[in-house]
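Welcome! Let's look at a structure together and learn how to read a few of its features.

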Amino acid sequence: MTGGGSGIGRATAMTFARDGAVAVVVDRDAAAAAAVCDEIQSAGGDSIAITADVSSEQQVEEMVAATLAHYGRLDCVSNNAALGGGFNLLPDVDSRSWDRAQDVTLKGVWLCMKYQIPAMLASGGGSIVNIASLSGVNGEALQSPYSAAKGGVIALTKTAAAEYAQRGIRVNAVAPGGVRTPAIEDYFNKVPGAREKTEAVHAMRRLGEPEEIADAVCYLLSDRASFITGHVLDVSGGITINPHTL
Ligand SMILES: NC(=O)c1ccc[n+]([C@@H]2O[C@H](COP(=O)([O-])OP(=O)(O)OC[C@H]3O[C@@H](n4cnc5c(N)ncnc54)[C@H](O)[C@@H]3O)[C@@H](O)[C@H]2O)c1
């Protein structure tokens, strides 16, 4: 679980552990990863914490090696860590913000799969769920670096799924709508009126809870989804349907 120290990643690690899986909690924030790992262990689960920045090839390679050294195999992963690129109209985005968003949000997912896939092949296969976003499907005003990176995550997911469908690895994505995490609170604090506007575009007229995304991720990771690959699951309380006349 990358980005497992907060929000959706934290909830997924907790759900995963509650379902009986070992949870390797990866985050660039060492204290956050350790806290989630402690929480899982206190509830009787099996977990280790690893500090890694997913935009660093060396750290990603070490992350997979440390997991294999500890548990001997890698069965399921959720590539969840991401970084936005600020909230600006496209001409006002600076190159540094653009590059950083691509490095973490898009290249990070590619780097993770680059090292996770060989590890999974070595033990007969596995399941990968990348966390995309509906911003990567529909675009999102004021978030061009993030939306473009998430669109890339969807293309990468389908490409990896096509490459490994015959070798026992399923690769899917979950595309959440707005979810009540520290990341979206940061957005609401920076963009006036964003909270009300965001809630309004969901047919359910509310944000999702991290646990609602976690359940979808854990389903796709599990054998219950054994015939699903290359799929992007919309978990958004109905952003893509039209309740506007009600
Ligand atoms: N919250 C939402 O509304 C929403 C909507 C759609 C998609 N998503 C996606 O869900 C995922 C999780 O988002 P969240 O809202 O839980 O965010 P969050 O900010 O609560 O948690 C993100 C975690 O990722 C870690 N992280 C950031 N950069 C990292 C890096 N380079 N290497 C390793 N760890 C790193 C952070 O330290 C943090 O613990 C992201 O991919 C995000 O784009 C979130």
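**Reading the model step by step**

Q: What surrounds the ligand, and which residues are the closest?

A: Keep in mind that this is a predicted model. Here 29 residues surround the ligand, and the closest are Gly3, Ser6, Gly7, Ala82 and Thr181. The shell divides into 13 nonpolar, 12 polar and four charged residues. Helices α1 (7-18), α4 (95-122) and α7 (182-190) each supply at least two residues of that shell.

Q: How do I read the directions of side chains along a strand, and which way do those of β1 point?

A: In a regular strand, side chains alternate between the two faces of the sheet. In β1, Ala23, Val25 and Asp27 point one way, while Val24 and Val26 point the other way. Are they buried or exposed? All of them are buried.

Q: Which strand is β1 joined to, and how do the two run?

A: Five bridges join β1 to β2 (residues 47-51), and the two run parallel. At one place in this pairing, Asp27 stands opposite Thr51 of β2. Together with helix α2 (residues 30-42), these strands make a right-handed β-α-β unit.

Q: Which residues touch the most other members of the largest nonpolar core?

A: In soluble globular proteins, nonpolar side chains tend to be buried together. The largest nonpolar core here has 62 residues, and those touching the most other members are Ala13, Ala23, Val25, Val26, Val174, Ile213 and Val217. Helix α4 gives the largest share of this core, nine residues.

Q: What is Ala13 in contact with, leaving aside its neighbours within four places in sequence?

A: Ala13 is in contact with Met1, Gly4, Ala23, Val25, Val36 and Ile40, once those neighbours are left aside. Two residues in that list, Ala23 and Val25, also point one way from β1.

Key:
Residues are numbered from 1 along each chain as its sequence is written. This is a predicted model: local features need pLDDT of at least 70, side-chain atom pairs count only at pLDDT 80 or more; totals for chains, interfaces and linings use all residues. A residue is buried if 20 or more other C-beta atoms lie within 10 Å of its own, exposed if 12 or fewer, and partly exposed in between; C-beta atoms are placed from the backbone. Helices (H or I, at least four residues) and strands (E, at least two) are DSSP runs, numbered from the N terminus. Two strands pair if DSSP finds at least two bridges between them. A crossover is right-handed if, with the strands pointing away from the viewer, the path from the first strand over the helix to the second runs clockwise. A residue is near a molecule or strand if its C-beta atom, placed from the backbone, lies within 6 Å of it. Ala, Val, Leu, Ile, Met, Phe, Trp, Tyr, Cys and Pro count as nonpolar, Asp, Glu, Lys and Arg as charged, and the others, Gly among them, as polar. A nonpolar core is a set of buried Ala, Val, Leu, Ile, Met, Phe, Trp, Tyr and Cys residues joined through C-beta atoms within 7 Å. Two residues are in contact if their C-beta atoms, placed from the backbone, lie within 7 Å.
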